[in-house]
Each structure stands twice: as C-alpha cells, then as structure tokens.
Amino acid sequence: MTDRASTPTPTNADRTRWRRYLADERAEGAVYRELAARKQGEEREILLALAAAEGRHEAHWLTLLGGDDSRLPRADLRTRMLATLARRFGSIFVLALAQRAEARSPYATDPYATPAMAADERIHGEVVRGLAARGRRRLAGTFRAAVFGANDGLVSNLALVLGIGATGVPAPVVLFTGLAGLLAGALSMGAGEYVSVRSQRELLEASAPDPVARESLSDLDLDANELALVYRARGMEEDEAVEQAALVLARVQAAGAAPVSTDAIPALAHDDEAVGTGLSAAISSFLFFASGALIPVLPWIFGMTGLGAILLATSLVSVALLITGATVGVLSGASPLKRALRQLAIGLGAAAVTYVLGLAFGTTIG
C-alpha cells in the first residue's frame, strides 16, 4: 500500500473519485439505517453502528473535498439496488449482497484512503457476514425445502413430460402424465421432508441432557464422582472438563436445596433454527415442488402440442432454473450468475437425457 505521507498532489480525477466514494458511503450508511429500522435489540444496534462507521468514512472524503459536497454523482448501481431492496424486502437478501460489496472495497489500493479505512471495510464484511448468517439460520430449514422442492419439481417434471412427449403419444397423455407427476412428486416431497425434519429433531432431543441427571448433582460425592466425564463426553478437553465440574459442584454446594441451573450439564451444540420444523418444511416443499412442476406442463394445459410445446416448456423451465440458482447464489454470498448457470446446466442436462431416451423408445415402438 502506498505511504500516505507521500501521496501525490490530487488531480481532478482524484476529486471525482472522492465524490463517488462520498456518494457511496452516504448510500451505504442509508442502507444500514433502513435495515436497522426493521430490527430490534442487538441486530438493530449492530446495523446502526455500521451506519456510524460509514459516516466516519464519509467525513474523510468530505474533508479531502474541503467540505464541498456539491456535484456528487449518484451512488453506484449496486448500492442503489441495495437501498431499494432494504426499503421493500427486508434484510436477508440485502445483507447477503452487502457481504459481497464490503469484500470488494477499493480502499486497500487507494493512496488517499487510510489503512484504518481499508481495515474497517474488511471488518465490516465480517460483521455483515455474521448478520447474514443469522438470517440464513432462520431460513435454513424451510428455505432448503423450498429450493430443493422447486428445483426438483422443475427438473423432474420437465424430464417426465419431455421423455413422454418424445415418444409421440397424444398431447392429453403428456398432460395427464405431467399432472400426475406433479401431484405424486409434491406429496412425496412433502412427506419426505416432514419425516426427515421430525427425525432430525427427535435425534437432537435425544441428545439433550436428562433433567433427572441435573437433579442428582446435589447428591454427588464431592471427592469421587464422574461429572467431569459428562463434559468430556460432550466435547470438552480433559483439563477444561475437570475445571467445569469443580465449578458446577461448588455452585451446587453453595446453593444447597435451591434448584440446579439448567446449564449445569450442557447440550451438544446444535441449531434448532437451522433445522426448522417438520410441518413448515413439509408445506414449503409441497407447495414449491408443485409450483415448479406446474411450469413444464403449462404449454399442454393451454392446448399446445408437439415440438412447440416441448420448446416452450424447456424455455420456461430454463428461466425458472436461472432464477432459483441466482437466488441461492445471492443468499449464500456467492456469484449469482455462476450458481444460475450451474443450476441451468444440471437441470437441462437431466431433461436432455430423458428426451433422448424418449425419442429412442418412440422409434422402437414405431
């Protein structure tokens, strides 16, 4: 990084860049304030602190401009899009996009940005990553079921109708097959998600500490007991487990007949928010599979037949696959374009295989 003490005399291009930075910092601060207005408690405080930090950077560029904030350009398109999303849709998509935006800060190579500003941007990226992770955990169970359901509905039913359509059967047969695939698949996905999530929750509940064991702590022999083994079994190192056991027993002894704290024996680490609930996952999976599976059938529902119906179904599903892939990319903090193209390639590849098999099967029958 260039030594700030030896920065060159600023040019008109430098001042133009400072104005752009100033506009972007103001817009980013506004994004965080918009998000904070929708939050409460700790998340609100964190977002307001980020907005205040953007204000520090804003003041830096305003000072370099001699306090002249006239002729400021519009903030860049990415920041304006974040502001629009923050006002209309809430935080999870915005935070996921902001995570990528903070990681692309130009301050590390700009001779007029201080080292502290460049470091701030990297730390801001980690703060936003943490906030986005909270949102992802809240969405995880239901969102996973929704994305998988929609994608499975799109790909499996497109493959089904293309494979059947390629055999040359009448259009009503293709339509009935597609609708039957929609209903069977949606019911199967919903039931499967319910069983999967319920089973996972039951396994987690089975790992929770037994309340009866907590009640037994007051009767343990202070000099000869296996409480430290409980902590070791749940992941602590030996020295830490021994120390924790001694602290807990000291608290129990001091409390006498008072109730024992529920955290005396810790549970294994898991995140109930990330698991979701069986019913919400089942409903989400059913509805999204059905909505995805309906798209490939639309041309036949509206009376189309033959190659035209096949091409339109493939086009509609391609658009939907691009949207679902881009959505996953945004929420994961990755490139939306790469995820969209990957989703498209996988989906169309599977459909192409069944279409070719359908052609071969139809030729054999013919």
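Accessible areas come from the Shrake-Rupley method with a 1.4 Å probe, and for residues only the protein chains shown count as cover.

The model is predicted: local features need pLDDT of at least 70 and side-chain atom pairs count only at pLDDT 80 or more, while totals for chains, interfaces and linings use all residues. Residues are numbered from 1 along each chain as its sequence is written, and side-chain values use heavy atoms, with hydrogens and water left out.

The chain holds 13 helices and zero strands; helices (H or I, at least four residues) and strands (E, at least two) are DSSP runs, numbered from the N terminus. Of its 366 residues, 38% are buried, where buried means under 20% relative accessible area, exposed means over 50%, and partly exposed lies in between (1.4 Å probe, protein chains only). The chain exposes about 19,500 Å², and 63% of that comes from carbon and sulfur atoms. Among contacts (heavy atoms within 4.5 Å) with a separation of 6 or more, 77% join residues 24 or more positions apart.

Helix 6 (171-206) and helix 11 (278-301) each supply at least two of its residues, and helix 11 gives the most, with four. Phe288 is in helix 11 and counts as partly exposed because its relative accessibility is 40%.

The interior comes next. In soluble globular proteins, nonpolar side chains tend to be buried together. A nonpolar core is a set of buried Ala, Val, Leu, Ile, Met, Phe, Trp, Tyr and Cys residues joined through side-chain atoms within 4.5 Å. The largest such core has 16 residues, and those with the most contacts inside it are Leu154, Leu158, Val161, Leu162, Trp300, Val317 and Leu321. Two or more residues come from each of helix 5 (115-166), helix 11, helix 12 (306-331) and helix 13 (336-365). Helix 12 provides the largest share, six residues. Beyond its neighbours within four places in sequence, Leu162 is in contact with Ile310, Thr314, Ala351 and Tyr355.

Ala320 lies in helix 12 and is buried because its relative accessibility is 12%. Not counting residues up to four places away in sequence, Ala320 touches Leu154 and Ile295. Its C-alpha atom is 9.6 Å from that of Ala340, 20 residues away along the chain. Gln343 lies in helix 13 and is buried, because its relative accessible area is 15%. With neighbours within four places left aside, Gln343 is in contact with Asn151, Leu321, Thr324 and Gly325.

Helix 2 (residues 41-64) has 24 residues, so at 1.5 Å a residue it should span 34 Å, which agrees with the 36 Å between its end C-alpha atoms; the expected span is 1.5 Å times one less than the number of residues. Its buried residues are Glu43, Leu47, Leu50, Ala51, Ala53, Glu54, His57 and Trp61. Gly66 follows helix 2 and has a positive phi, near 70 degrees.
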